[in-house]
Number of protein chains: 4
Amino acid sequence: MKAITVRPNSIGAEVRDVVVKETLGRGQALIRTVMTGICGTDRGIVSGKISFAYPPEGYSFLILGHEGLGRVEEIGDGVATLKKGDYVVPVVRRGCGQCLNCKIGRQDFCETGKFVEAGIRGKHGFMREFFVDDEKYLVKVPEEVKDVAVLTEPLSNVVKATEELLFVQRRMIWNCEDSTFECRNAFIVGTGPIGTFFAMTLRTLGFQVYLLNKREPSETERYISEKIGAEFYDTKLGIDKLPDADLIVDTSGVPEAFLPLMKKMRHNSALILFGTMEGEKAEIMSDLVTEIVEKNILIIGSVNASKKDFQGALNYLSIWRYRYGDVLNRMITSKVEVEEAPEVLSKKIKGEIKTVIKWS
Amino acid sequence: MKAITVRPNSIGAEVRDVVVKETLGRGQALIRTVMTGICGTDRGIVSGKISFAYPPEGYSFLILGHEGLGRVEEIGDGVATLKKGDYVVPVVRRGCGQCLNCKIGRQDFCETGKFVEAGIRGKHGFMREFFVDDEKYLVKVPEEVKDVAVLTEPLSNVVKATEELLFVQRRMIWNCEDSTFECRNAFIVGTGPIGTFFAMTLRTLGFQVYLLNKREPSETERYISEKIGAEFYDTKLGIDKLPDADLIVDTSGVPEAFLPLMKKMRHNSALILFGTMEGEKAEIMSDLVTEIVEKNILIIGSVNASKKDFQGALNYLSIWRYRYGDVLNRMITSKVEVEEAPEVLSKKIKGEIKTVIKWS
Amino acid sequence: MKAITVRPNSIGAEVRDVVVKETLGRGQALIRTVMTGICGTDRGIVSGKISFAYPPEGYSFLILGHEGLGRVEEIGDGVATLKKGDYVVPVVRRGCGQCLNCKIGRQDFCETGKFVEAGIRGKHGFMREFFVDDEKYLVKVPEEVKDVAVLTEPLSNVVKATEELLFVQRRMIWNCEDSTFECRNAFIVGTGPIGTFFAMTLRTLGFQVYLLNKREPSETERYISEKIGAEFYDTKLGIDKLPDADLIVDTSGVPEAFLPLMKKMRHNSALILFGTMEGEKAEIMSDLVTEIVEKNILIIGSVNASKKDFQGALNYLSIWRYRYGDVLNRMITSKVEVEEAPEVLSKKIKGEIKTVIKWS
Amino acid sequence: MKAITVRPNSIGAEVRDVVVKETLGRGQALIRTVMTGICGTDRGIVSGKISFAYPPEGYSFLILGHEGLGRVEEIGDGVATLKKGDYVVPVVRRGCGQCLNCKIGRQDFCETGKFVEAGIRGKHGFMREFFVDDEKYLVKVPEEVKDVAVLTEPLSNVVKATEELLFVQRRMIWNCEDSTFECRNAFIVGTGPIGTFFAMTLRTLGFQVYLLNKREPSETERYISEKIGAEFYDTKLGIDKLPDADLIVDTSGVPEAFLPLMKKMRHNSALILFGTMEGEKAEIMSDLVTEIVEKNILIIGSVNASKKDFQGALNYLSIWRYRYGDVLNRMITSKVEVEEAPEVLSKKIKGEIKTVIKWS
């Protein structure tokens, strides 16, 4: 079958005809890929900048793709919750089987680091015509969001981070006087798909949201910000006009992008670190540490998501599908053919929020 | 203006022209009522069976109605989040101002019992053409659920109970091996609007749901059960065919309805008590207590909801609006004129799930 | 070696010379028993009233004893945290190895019920001269509490229940205005060792504590109550003079003992069910259910404890060792020889709080 | 009465005869000071390096001292829990009365910053012969720890930080396979009283503890480390020989001290920031941010403590009083007369862990 592959230590992706040894076993389903999203990690692998990607054992190549959407083509014995024709999104990370978090299905908190991740680490991804997967890693897609369900995987990571935030912030009273979060300001650093999803999730939970970038918004960004009731803020204008922050979410990975904002952080506020980036330097002062201490500030790094977060993501998509009009559809800025994928994987499309590859 | 009122110690409700001393103050809005739902508490008050209802100070009558939906007609100074034309749902309970839970906006956990509740205890309700309320008690309704938003208040109580359940069950590992709740069975005792909402909420969270009643389903119930993927179970057939339960939600208030089911409760399971009823007797054995102990079973009574739960309810309505087709609309089994209300308040309509009164 | 054994379906215990197939393996230690406590479960087994006890596979008898204290006699390879001469308390329950709670070391929340329990279900207990156990089930005893460490096991169950209580009560604000629990009243139903431990634990956490029994206190009970700052209350005088309760802990298992007290329960209060008893009947009214609902009352059954709770119990013993003078020593009302054990196991000693058997 | 005072913008402390307008009101007690501890904040104020200290309204001077221990001399009307002769420790911070955390007695999480702190910000401290305080801010000291109870206040801050840590780490499974924390390594950066208290608290909870300083231990430090079962580690030898860390606690406030250790942090680990320091610079790389993200690392700043934490601190002192022999007494390295205080406040005593001033 056709697949998009990369090879270790070589730059670029190619569309190839591959043979993958997979047979439909008990509790498994054969999935025909419908769409796959492209994200920064894919491009990092293709450009050779990301060094942690590697093929599954016994393969000289890795099939890319961790943002998948497919349709059940055939089910194996013992599959109870899926039937032919169902739309599904596959979970990306598969646990180490050893640590306690993996044992309870929370491989997003794997402690050993010995997990595999489809399309990234030691497991073929979803940029191929078909794949076989276990029922337990396939998340059923409700009818009303099929057309945007390729967004489920990136959103699932946002859902995980947000759920964790809400739990840890129960360390004190963080809600407003009316029990909601409407008095809380959140800054989102970075306005790509992840930043946009954080903005939408936090708006849905009641937060006042500021989408920060060091430029003016594109037309699409302006449209989305307005629709979801968030403010797009150009940090080139300085940050003095921003209010104080109860929450900062960094999706950039660039310390220089979020460190200056930390002086805006209020007592009991939180900083979610989500973005990753190599090679950037920054200077910090012990005064920042003092602020973190004196104000009981909390910082969490958050990565990945478990199946329950994929379900949560689908619920958010259902809310937004109609609440925010065509925002979700507009986030998918291009749909490209498989043959165009290698080029698109090598170079971001101008004005892109999310580019997806059509498979069937 | 027209209002539906009751008088202490007298049976029946009447449509009357009333004068209520309310002026539009700072931080307040004048609301034109659009719809009000009728629930068992309203009928309990009208029939004289509920003894805890009382008028506001200075009034000889109480305006009924705690399930409201209105439109902002005018806003007072200092109102920031509402504008003319917005649809809103008002919060029912107003805190005592003294206990710690009321001080932090969680009057649903009022400790003193000195709260008031619109349409029930010491505060006029929403069955009237207009009312003035504080911005902090008005929950803005998203466009896509305006037509069903009269269901927000009953649903908010379900949201509160469910959120609390998910928190307390973090006392151990309650999720399934894949991190979801798909391996968990929930029994809902009672198939009225509250039971139906619990079923929908728990399905949305992944639970397998059994809607229990001691009769066959009505056509509407059959339709709704199928749509939401729950099983309607007639307990007259005995309970042997039911699987074991991880969760039981009682919406009946009748001990004889949920006690026999408790022998189905698994280790670490929970029982939510939500229904209330006067005068029913039941016998329990110490063996039940032993089971609760040996199996680490948790039981919570849950009442009322705070503003955040109203927001949560609106989010669920948005999910279900399209996921479950016309289920929400079908739950509103009749819409009656104000003049018909006294009769409908005195006697349940056959096949009723939720009856609402149209105001404007 | 000498051991105290019971046989299925036969009443009474005997001191016998037994052979147990145990060899000192990797990660294990050979323990010389120092003392074992006697509790109601032991007597229930000996009298034949408890039907769930059974011998380990391959044995026709069960060695009794789950409240153990021993001294390390020899360690196997790979044991890192114990050395010869250390005092240790063994954990009672050993997990099923299948459910998620057992996988993370929380076998006190075993979901399958397929655990074994030393001296009770399918595993020999500690009423014998020696036993071999895994390092992971042996809890090291600090020097300062060696003489009372035989009390660790019963106390560990109280610690587990209390920790769980404090977690689940974070569902709302339960602390007092000064952040402590000093405004909270706790009723303890039953004044045996478990009731006494609950009283001491809750006093240490700041609660006002009432020890309830349907008789006047014995001299020892009077002494202990005074020392720990709790009030002993004779419920034969009626319960009107008791204040309202924020917490009730039942250690009796008798519904008639705690049900009448429930009318004293305040909003947001909790009832811990800890006692078990067969064959008692009681009548409840739906009005009680209504109270539970309207007041957001929480009820939890709690059983068993994990290793962390044994450590917590030892910390409490260290606190009380000097804070409460000779209270802990006075709780050990008799120390008997092994040969006297069968008689003592058949009949409670008058005035007994805790009877222990001396082994070495 | 005699008091130790400082004046804004002038370096040094003096023993003076002062007049403070305090009368014994309802719910208050007059306290005779027994001992006061000296900490870095006191010396920072005296040296003029700390700029945030200021006198109470109406005073030109500030009485120093926030680590107090006193004896009740007289009680006002309505005092229920204290009597003449009781030993008490006063709480330091008094809430703003406005924010939700202060309203529920958790002024350690004050959101407005408008609190006062005895001996530091806007409220006279305890370095004086007598003071009047509200019952709700006075924590009763159990008999067995009277001689070391002057350590309660610094320890209370450690207790708050640790309780918060244990709560937020419930975001995933952090316990070991046997339910304890014995497989978890904690690094403590800094070996002063706070570092030592963190070490003792974490040991008591089961952690393996490494006390880090960039020098060899003093004799007292060597003694204490051994007694509590922690390892003193000289970071001048490089950090390669340290194991990986599940927890780092920084008590230094110096980024260069804890940043290099962060590469040792395991998945799901936590960093508690407790120390504060002005003027130190450090460089960070975005790779550190990536590590925090990929490993789900959590960082919390923690400051201050509420009354419940003072009670918790007294419980820890009771445990350690006998478990760790004379460690607590050895931590009090000098007791000085009031007249010597100004000198000691200006210059740390060699080998000092905690210096206290004797008052009565």
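Over the ring of which residue does the charged end of C:Arg16 sit? The ring belongs to C:Phe61, and the charged end lies 4.6 Å from its centre. This placement is read from a predicted model, as is everything that follows.

Over all chains, a search of the whole structure finds 41 aromatic pairs.

Another pair in chain C consists of C:Phe187 and C:Tyr210, which stand edge-to-face, with 5.9 Å from centre to centre and 80° between the planes. Because C:Phe187 lies in strand 12 of chain C and C:Tyr210 in strand 13 of chain C, the pair ties together parts that are 23 residues apart in sequence. Are these two residues buried or exposed? C:Phe187 has 0% relative accessibility and therefore counts as buried. C:Tyr210, at 14% relative accessibility, also counts as buried, because the limit for this class is under 20%.

Ring pairs also reach across chains. A:Phe167, B:Phe167, C:Phe167 and D:Phe167 are linked by such pairs into a cluster.

The contact between chain D and chain A can be considered next. Each of these chains gives 59 residues to the contact. Together chain D and chain A bury about 4,900 Å², of which 57% is on carbon and sulfur atoms. Polar groups take part as well: between chain D and chain A, 33 residue pairs are in polar contact. Six salt bridges are found across this interface. In one salt bridge, A:Arg266 is joined to D:Glu111, with the closest N and O atoms 3.0 Å apart.

Which elements form the side of chain D that touches chain A? Those giving two or more residues include helix 2 (100-103), helix 3 (152-168), strand 16 (265-273) and helix 7 (286-294) of chain D. The largest share, seven residues, comes from helix 7 of chain D.

Terms used
Residues are numbered from 1 along each chain as its sequence is written. Chains are lettered from A and ligands numbered from 1 in the order in which they are written. This is a predicted model: local features need pLDDT of at least 70, side-chain atom pairs count only at pLDDT 80 or more; totals for chains, interfaces and linings use all residues. Side-chain values use heavy atoms; hydrogens and water are left out. Rings of Phe, Tyr and Trp (its six-membered ring) pair if their centres lie within 6.5 Å; planes under 30 degrees apart count as stacked, over 60 as edge-to-face and the rest as tilted. Helices (H or I, at least four residues) and strands (E, at least two) are DSSP runs, numbered from the N terminus. Buried means under 20% relative accessible area, exposed over 50%, partly exposed in between (1.4 Å probe, protein chains only). A charge sits over a ring if NZ of Lys or CZ of Arg is within 6 Å of the ring centre and within 35 degrees of the ring normal. Contact means heavy atoms within 4.5 Å. Buried area is the accessible area (1.4 Å probe) that two parts lose on being put together, summed over both. A salt bridge is a side-chain nitrogen of Lys or Arg within 4 Å of a carboxyl oxygen of Asp or Glu. A polar contact is a pair of N or O atoms within 3.5 Å; within protein, one must be able to donate a hydrogen and the other to accept it, and residues adjacent in sequence count only if both atoms are side-chain atoms.
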